[in-house]
Amino acid sequence: MMVGHHLGIQLYSVRDDIGPDRLDGTLTRLAALGFTHAEPYDILTDAPGLARALSHSGLRATTAHASVVRHDLTAVFDAAQTLGVETVITPWVEPDSIADRAGVQRLADTLNDAAEHAAARGLRIGYHNHDFEFSQRIDGVSAYTLLVELLSPAVVLELDAYWAGVGGADVFDLLPRLGDRVRLLHVVNDREPGNDRPVLGVDTAGRMPEVLALAAAGLELPIVEVVAHQSDVWPLVERNAAYFRNLVIA
């Protein structure tokens, strides 16, 4: 289990720079910035090619986004094992699919069932939130709260601190309540100007040391994710890498 001195990046951040002719160079560039891990968002297209590029760069991919709701489990697990991935994370579901208790129960059942099958392959299943899991309310609680109650402890939580706050959560209250169920944490300190969503909960901007400290009980890997729609993403990647490297690696 990884604790401390590791820093990941979600490859969706640099999605425009990981085509077949640019993958090696991009991963090497990320490693040079101090990242130790990369979290792929597509492991089904060319897992062997991605595995080779990761090996060349020195980056590890112990987590990956791949939906067990939409994809064949065997295909996902085979790709994960090719890459050395240990935790397969469902990154997104349609918001309407968890708008009521029955929908949340279906999602929990799917994730719990996948976790049983994954365990037989030496893998774990995880879930990554956006904002709607917190903004959608069911019987007076957020869909996320209900989902966590219904999930097996075997299902890992990858909490995206930024999106949780956007959806209405107080991350500084949420993390202590979730405790060591949060094993993976998506973080961002420097975001693209003009690309922020209104924060309905408590803003984590400028408070990343507090967030990391509150998640420390079970945290295996902090993972940077930045999104740029209006500018070159690399300056954002570089600034976030430097910031979090000083917090978790120095």
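Trainee: In which sense do strand 4 and strand 5 pair, and over how many bridges?

Mentor: Here's the general idea: strands of a sheet pair through backbone hydrogen bonds, either parallel or antiparallel. In this predicted model, strand 4 (residues 87–90) runs parallel to strand 5 (residues 124–128), and the two are joined over four bridges. Take Ile-89 as an example: its bridge partner in strand 5 is Gly-126.

Trainee: And what is the strand order of the open sheet?

Mentor: Read across its eight strands, the order goes 2-1-10-9-8-5-4-3, with parallel pairing. At the edges you'll find strand 2 (37–39) and strand 3 (63–65), each pairing on one side only. From one strand to the next, the twist averages 30°.

Trainee: Which strands does helix 9 touch?

Mentor: Helix 9 (residues 208–215) packs on the sheet, where it touches strand 9 (182–187) and strand 10 (221–224). Its direction makes about 170° with that of strand 9.

Trainee: How do I read the packing of helix 9 and helix 10?

Mentor: Two packed helices are described by the angle between their axes and the distance between the axes. For helix 9 and helix 10 (residues 234–248), the angle is about 45° and the axes lie 11 Å apart. The two helices are therefore oblique to each other. Their crossing is right-handed.

Trainee: Which residues make that contact?

Mentor: Helix 9 brings Met-208, Pro-209 and Leu-212, while helix 10 brings Tyr-243, Phe-244, Leu-247 and Val-248.

How values were computed: Residues numbered from 1 in each chain as written. Predicted model: local features only at pLDDT ≥ 70, side-chain atom pairs only at ≥ 80, totals over all residues. Heavy atoms only, no water. Pairing = 2+ DSSP bridges. Axes fitted to C-alpha atoms, helices over the stretch in contact; angles between N-to-C directions. Contact = heavy atoms within 4.5 Å. Parallel < 35°, antiparallel > 145°, perpendicular 65-115°, else oblique. Left-handed = near helix turned anticlockwise from the far one by under 90°.
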